[in-house]
Amino acid sequence: MIVWVNGTFGAGKSSTARELIDLIPHSTLYDPELIGTAMGRLLPAKRLAEVEDYQDLPIWRRLVVDTAAALLAEVGGVLVVPMTLLRQAYRDEIFGGLAARRIDVRHVLLAPEETILRQRIDGRTEYGDPEADARVREWCHAHLAPYRAALDWLAADAYTVDTSALTATEAARSVADAVLNGLAAPCGIVQTPEPTGETLAAGVLLFDDQDRFLLVDPTYKPGWEFPGGVVEPGEPPARAGMREVAEEIGIALDAVPRLLLVDWERPQPPGHGGLRLLFDGGRLDAADTARLRLPGAELRAWRFVTEEEAADLLPPVRYRRLRWALRARERGTVLNLEAGDPVG
């Protein structure tokens, strides 16, 4: 299990986490900031200059998950993780990756009143160097606006502890009580286990009366996606697509969808690649659309989009697959792709 102690910079996460490991049995402190420090030594300066924050580096988010899993395999028990996460997409990616490894996350938000928070930031003296301390305070103040903007989803997702009048010890006791008594429930993100080899996945294109197609926004990974998912062992791929559509958005397709293309996705670590199939699920009428339902633990949103609009939502490899699927639909044929390009 992981207790993720969130909050903006200056909220007291680190001091609370240090106290917390004495209150939760068999717990270990895990600070992902150490991975950020390592990025400064591992990555070329040119790559580091491309981002403002090491959280923007996909390798940081991946290593946060991998290191947590390795630590739990080594020491067991509970990891206490003091780390600010203000971007929902990054929270989804990290917590989804942990869920894929069957690691429960209890998400806790330390939320002092802003006037108290500003006072605490102004009083920070960590380095004994006036210039360095001033830069830290400036950094903390600069992140108050993104924190306020993130409060809607943070408050809905995390167990909130108002630490305005609490010391670090008192805040840690509140967090420990919430975790041990089940008030801070496991995070609801669901994801299938990490594949150990190539996978077979089936996606389904569903159209509206304007010939736009449906995309969904998964909570557990960045980028939008087609309805669909991994084909289970012994399951017919088209039937797997129908099952996933029913599970994900609550629509039961009347007929087996027609195959549009088969795309071989090359292995690209940490992914294993495999075959990706796209099917034509037909047109949804207004009544079908009104029945659309999303499982909150897996999907955040849905929308009908044009091919042009999809370019800004889909990762490049999925967008190439989409474009050829639409061409196959127009021509009434089936295409064979390798890494997004037609062959044969």
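Buried means under 20% relative accessible area, exposed means over 50%, and partly exposed lies in between (1.4 Å probe, protein chains only). Ala-69 is partly exposed by that rule, with a relative accessible area of 22%. This is a predicted model, in which local features need pLDDT of at least 70, side-chain atom pairs count only at pLDDT 80 or more, and totals for chains, interfaces and linings use all residues. Residues are numbered from 1 along each chain as its sequence is written, and side-chain values use heavy atoms, with hydrogens and water left out.

**Overall build**

- The protein chain holds 13 helices and 13 strands. Helices (H or I, at least four residues) and strands (E, at least two) are DSSP runs, numbered from the N terminus.
- The C-alpha trace of the protein chain spans about 70 × 45 × 40 Å along its principal axes.
- The protein chain has 344 residues, and 45% of them are buried.
- Contact means heavy atoms within 4.5 Å. Of the contacts in the protein chain with a separation of 6 or more, 74% join residues 24 or more positions apart.

**Around Ala-69**

- Ala-69 sits in helix H4 (residues 58-75).
- Ala-69 is in contact with Arg-101 and Ile-103, leaving aside its neighbours within four places in sequence.
- Between Ala-69 and Gly-97 there are 9.7 Å in space, C-alpha to C-alpha, and the two are 28 residues apart in sequence.

**Helices H1 and H9**

- Helix H1 (residues 13-20) packs with helix H9 (residues 168-180) at an angle of about 65°, and their axes are 8 Å apart. Axes are lines fitted to C-alpha atoms, for helices over the stretch in contact, and angles run from 0 to 180 degrees between N-to-C directions.
- H1 contributes Ser-15, Thr-16, Glu-19 and Leu-20 to the contact, while H9 contributes Ala-168, Thr-169, Ala-171, Ala-172, Val-175 and Ala-176.
- The contact of H1 with H9 has six nonpolar, three polar and one charged residues. Here Ala, Val, Leu, Ile, Met, Phe, Trp, Tyr, Cys and Pro count as nonpolar, Asp, Glu, Lys and Arg as charged, and the others, Gly among them, as polar.

**Salt bridges**

- Side chains of opposite charge can pair when their charged atoms come close. A salt bridge is a side-chain nitrogen of Lys or Arg within 4 Å of a carboxyl oxygen of Asp or Glu.
- The whole structure has 25 salt bridges.
- Asp-157 and Arg-91 meet in a salt bridge, at 2.0 Å from N to O. The pair links distant parts of the chain, 66 residues apart, with Asp-157 in helix H8 (residues 144-157) and Arg-91 in helix H5 (residues 88-100).
- Asp-157 is partly exposed at 25% relative accessible area, whereas Arg-91 is buried at 6% relative accessibility.
- Arg-243 and Glu-244 form a salt bridge through their side chains, at 3.2 Å from N to O. Arg-243 is partly exposed at 22% relative accessibility, and Glu-244 is buried at 11%.
- One network, built from salt bridges that share partners, joins Arg-91, Asp-92, Asp-157, Asp-217 and Arg-300.
- Arg-47 forms a salt bridge with Glu-50, with the closest N and O atoms 2.8 Å apart. Arg-47 is partly exposed, at 28% relative accessibility.

**Aromatic pairs**

- Rings of Phe, Tyr and Trp (its six-membered ring) pair if their centres lie within 6.5 Å; planes under 30 degrees apart count as stacked, over 60 as edge-to-face and the rest as tilted.
- The count by this rule is four aromatic pairs.
- Trp-4 and Phe-95 are edge-to-face, because their ring centres are 5.3 Å apart and their planes stand at 65°. Trp-4 lies in strand E1 (residues 2-6) and Phe-95 in helix H5, so the pair ties together parts 91 residues apart in sequence.
- Both Trp-4 and Phe-95 are buried.
- Phe-207 and Phe-213 also form an edge-to-face pair, with 6.4 Å centre to centre and 75° between the planes. Both of these residues, Phe-207 and Phe-213, are buried.

**Positive phi in loops**

- His-26 is not a glycine, yet has a positive phi of about 55°. His-26 is in the loop between H1 and strand E2 (27-29), and is exposed at 69% relative accessible area.
- Ala-339 is not a glycine either, and has a positive phi of about 55°. Ala-339 lies in the loop between strand E12 (335-338) and strand E13 (341-342), and is buried at 13% relative accessibility.
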